[in-house]
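Please examine the sequence and the three-dimensional structure shown below.

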Amino acid sequence: MNKEALFQKCVTFATSVHEVTYELTKDIKPDDITPVQYSILEYIAVSQPVTLSQISDCKHISMPNTSRELKKLTEKNLCEKFDVAEDRRKQLIRLSEVGQAMMNEAFQRIGGRFLDRIKDASAEELEEIQRALDLLQSKVFYGDK
């Protein structure tokens with residue numbers, strides 16, 4: 001197989017993922033937080049507990065800006081820092097109960113939109129989609145989640 005053509009398909013696929021993600025998450029963010037803050041909460045929700053540097057790296061935000069945004073989110077009682085028992089110098093970040101409830105509601109709405117998007121897929125197509133996602137996750141994205 002032509003690896004350049006495969007790469008171009010990957011680029012097209014990544015673009016489609018971004019477009020669909022936009023459609024699924026449009027108007028999900030609560031009005032009292034910024035898009036950057038919502039993005040941070042979304043990352044924490046799927047990866048918690050996380051470090052400040054993990055958020056900074058994944059979201060492409062400088063450490064000072066990440067720290068400032070987390071301070072605002074903590075003041076809004078949406079996330080919380082806690083010390084690591086083995087190393088008191090290290091802090092981890094997780095969603096607070098309020099933040100978890102907010103993200104659960106957001107993901108429920110996103111899930112509803114996703115289910116609506118695949119409503120016409122047959123059982124066989126759904127199984128094929130699941131296998132394709134598993135393959136992409138294991139061979140391209142390398143994640144455990």
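A residue is called buried when its relative accessible area is under 20%, exposed when that area is over 50%, and partly exposed in between. The model to which these terms are applied here is a predicted one.

Helix H5 comprises residues 97-117, that is, 21 residues. From its first C-alpha to its last, H5 reaches 30 Å, close to the 30 Å expected at 1.5 Å a residue. Within H5, the residues Gly99, Met102, Met103, Ala106 and Ile110 are buried. They lie on the same side of H5, because they cover an arc of only 90 degrees around the axis.

Against what do the buried residues of H5 pack? Their partners are H1, helix H2 (35-47) and strand E2 (87-95).

The other side of H5 carries exposed residues, namely Glu97, Gln108 and Leu115. Gln108 counts as exposed because its relative accessibility is 64%, and exposed means over 50%. The C-alpha atom of Gln108 is separated by 34 Å from that of Leu6, a residue 102 places away along the chain.

The surface also holds a nonpolar patch of about 340 Å², made by Phe13, Val17, Val140 and Phe141. Helix H1 (3-25) and helix H6 (123-141) are the elements that give two or more residues to this patch. Phe141 lies in helix H6. With a relative accessible area of 49%, Phe141 is partly exposed.

Definitions and conventions
Residues are numbered from 1 along each chain as its sequence is written. This is a predicted model: local features need pLDDT of at least 70, side-chain atom pairs count only at pLDDT 80 or more; totals for chains, interfaces and linings use all residues. Side-chain values use heavy atoms; hydrogens and water are left out. Patches are made of residues with over 30% relative accessible area and no salt bridge: like charges are joined within 9 Å, nonpolar side chains (Val, Leu, Ile, Met, Phe, Trp, Tyr) within 5 Å. Accessible areas come from the Shrake-Rupley method with a 1.4 Å probe; for residues, only the protein chains shown count as cover. A salt bridge is a side-chain nitrogen of Lys or Arg within 4 Å of a carboxyl oxygen of Asp or Glu. Helices (H or I, at least four residues) and strands (E, at least two) are DSSP runs, numbered from the N terminus. Buried means under 20% relative accessible area, exposed over 50%, partly exposed in between (1.4 Å probe, protein chains only). The expected span of a helix is 1.5 Å times one less than its number of residues. The arc is that of the directions from the helix axis to the C-beta atoms. Contact means heavy atoms within 4.5 Å.
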